[in-house]
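The notes follow in the sequence I made them.

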Amino acid sequence: MEGLKNKTIMAVGGHVGDMELTCGGILSECSLGNGRIITVALTGGEKGNPANMTVEEYRKQKESEAAAFAAMLGGTSYVLPYEDGELPDNEEVRFQVCDLIRREKPDLLLTHYEGSMHKDHAACSRIVKDAWFYASIGGFRRALPSHFAKLMFTENWEDNRGFKPYLYYGISEKGFALWQEAVKTHWFVTGSTSFPYYEYYSHLKRIRGIEARKPYAESFMLLPEDYRVVSAL
């Protein structure tokens with residue numbers, strides 16, 4: 001995709017795997033366009049552990065899965081040390097994310113939409129919005145200088161309370177194939193019996209692609225103040 005060439009995208013999720021599923025297509029396109037991708041998980045998402053593993057063992061596996069996905073796209077992963085289901089909604093976390101934004105300098109910042117059934121997702125959305133603000137304002141004095149990124153919100157089956165697809169990014173056949181291969185590094189995507197993650201997000205990307213007149217696509221919501229359409233006529 002022309003608009004993603006040589007860009008940097010940071011995707012921040014409540015758990016390892018959230019962003020890899022919801023916006024893995026745009027991350028793959030960015031990678032194929034000589035861009036740089038960074039995934040950030042505020043918790044490990046370890047409490048969905050398989051029966052043969054402890055929560056602690058699965059945490060280690062999840063961190064390895066995050067690193068493997070990012071590596072396949074030539075990127076970097078961060079997993080913050082908070083526990084699944086217990087993400088603190090405080091200033092400490094906000095400034096940790098702020099500092100990561102200033103360090104990595106993304107052009108585009110992606111995270112959960114606020115209307116979520118999952119407490120970690122909803123907290124993550126609030127945390128990232130504030131961290132995005134802190135990162136962009138030089139008056140918040142940190143170790144690194146301020147940085148501004150465009151902020152958008154991903155489509156997630158758990159975050160659909162009020163979500164309405166607004167902005168579509170087309171995903172090529174090659175980008176979709178890379179995402180399909182990379183996302184399988186996450187056990188829960190293909191191994192969980194609680195929800196058909198791989199099937200759902202594969203079909204969703206195709207549906208959004210049909211709507212966008214592209215092979216595949218992912219849809220996003222914007223901040224309310226960004227909801228403007230400028231006519232090209």
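How do the residues of the lining of the second largest cavity divide into nonpolar, polar and charged? I count eight nonpolar, four polar and one charged. The classes take Ala, Val, Leu, Ile, Met, Phe, Trp, Tyr, Cys and Pro as nonpolar, Asp, Glu, Lys and Arg as charged, and the others, Gly among them, as polar.

Basis. The model is predicted, so I note that local features need pLDDT of at least 70 and side-chain atom pairs count only at pLDDT 80 or more, while totals for chains, interfaces and linings use all residues. Residues are numbered from 1 along each chain as its sequence is written, and side-chain values use heavy atoms, with hydrogens and water left out.

Terms. On a 1 Å grid over the protein atoms alone, a cavity is a set of points where a 1.4 Å probe fits but cannot get out; a pocket is an open set with protein on both sides within 12 Å along at least five of seven lines; lining residues have an atom within 4 Å of a point. Grid points are joined across faces, edges and corners, and a volume is the space filled by probe spheres set on the points.

Cavities. I searched the whole structure and found two of 30 Å³ or more. At least two lining residues come from each of β1, α1, β2 and β3 (76-82). The largest cavity holds about 60 Å³. Among its lining residues I noted Thr22, Glu155, Tyr201, Arg208 and Ser219. Helix α8 gives the most to this lining, with four residues. The lining divides into three nonpolar, two polar and four charged.

Largest pocket. I read about 350 Å³ of space here. It is lined by 22 residues, and those closest to its centre are Asp18, Gly45, Glu158, Phe188 and Tyr197. Helix α1 gives the most to the lining, with three residues. I logged nine nonpolar, nine polar and four charged residues in this lining.

Helix α5. This helix covers residues 119-136 and reaches 26 Å from its first C-alpha to its last, close to the 26 Å expected at 1.5 Å a residue. Its buried residues (under 20% relative accessible area, 1.4 Å probe, protein chains only) include His121, Cys124, Val128, Trp132 and Tyr134. I find the buried residues packing (heavy atoms within 4.5 Å) against β1, α1, β2, α4, β4 and β5.

Definitions and conventions: The expected span of a helix is 1.5 Å times one less than its number of residues. Buried means under 20% relative accessible area, exposed over 50%, partly exposed in between (1.4 Å probe, protein chains only).
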